[in-house]
Amino acid sequence: MSVPSDTTKRRVRMAAGQRPRWRRVYDDLHAQIETGQLGPGDQVPTELSLAERFGVSRPTVRSALQQLQADGLITAGAGSQGRLVRESYRIVFTATAFERGTYQDDPARAIDQWKADVEAQGWTGAQTITVDWIPASPQIAGLLRIEPGATVLRRRRVRSVSRLPRVREMPVMIADAYLTEEVARRTTTDVDGTEFAPALTERDVVLPAGFLRSIGVHQARHEDWITPRMPTEDEIRLLDLHPGTPVGEHSRVGYDADDRPVRVLVSVWPGDRQIVRYDLPVQ
């Protein structure tokens, strides 16, 4: 085994000496949060106490705290309460269990598959639904195999969970379903016996056979695409994201028996609140 030369040792010492002072504060607090020494809801030491402990200025400490805040590990702090270690929530989205031909919504309780999933994890789910006719983006047009700019229906569900008394209406996902006009205008019979177009309805639609199957759309297979990225301004607002929080994007294309795309579902979730889980059999 070779022994580092004196030159190499000097370079290592020089590199350590060039390390920003705020990084020492950051690394120490980050380690305490990672190991649980500072747990969710605990108060972060004050700027003054940290400055005295590390022998640095308060602006240096503030730089470290701002980076921890950008990383989503601590709150911004308000008034006398100061900064707190943020709660870490993980809501599991079991992608393989969704939209299988055998699943059933539950009209009696008005519980769809997503709500049933979060309910099983101890949360109460809620969805705000809006419907808009929009021009297809190049991404959506490519997945649906239509011309870019062609009119499609976007059925948006902003999903949130709560667990009182600690968590109230925490946004966890934006789920956008894109349908061509022909599919979107299809009708079926509602649970009260009336005819309606479920895709155009701005409320939770819970049907015995599921939304798509009720209007004659049978998906023979799915193709999933998962992309980590930084959020758009719209996503930051709808998901109430902290600065620097990345999002995950799960795009699912449903194909019929003739391998034609019939629907695109794009789900976007905060990287610090949601996990996508797959349970796949080995063939």
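The largest pocket has a volume of about 590 Å³. Of its 25 lining residues, Gly72, Arg86, Glu87, Ser88 and Asp272 are the closest to the centre. A pocket is an open set of points on a 1 Å grid over the protein atoms alone, where a 1.4 Å probe fits, with protein on both sides within 12 Å along at least five of seven lines; lining residues have an atom within 4 Å of a point. The volume is the space filled by probe spheres set on the points.

This is a predicted model, in which local features need pLDDT of at least 70, side-chain atom pairs count only at pLDDT 80 or more, and totals for chains, interfaces and linings use all residues. Residues are numbered from 1 along each chain as its sequence is written, and side-chain values use heavy atoms, without hydrogens and water.

The structure holds 22 salt bridges, each a side-chain nitrogen of Lys or Arg within 4 Å of a carboxyl oxygen of Asp or Glu. Among them are these:

| Asp176 | Arg156 | 2.8 Å |

Asp176 and Arg156 are both buried; buried means under 20% relative accessible area, exposed over 50%, and partly exposed in between (1.4 Å probe, protein chains only). Asp190 is buried at 11% relative accessibility, whereas Arg203 is partly exposed at 36%.
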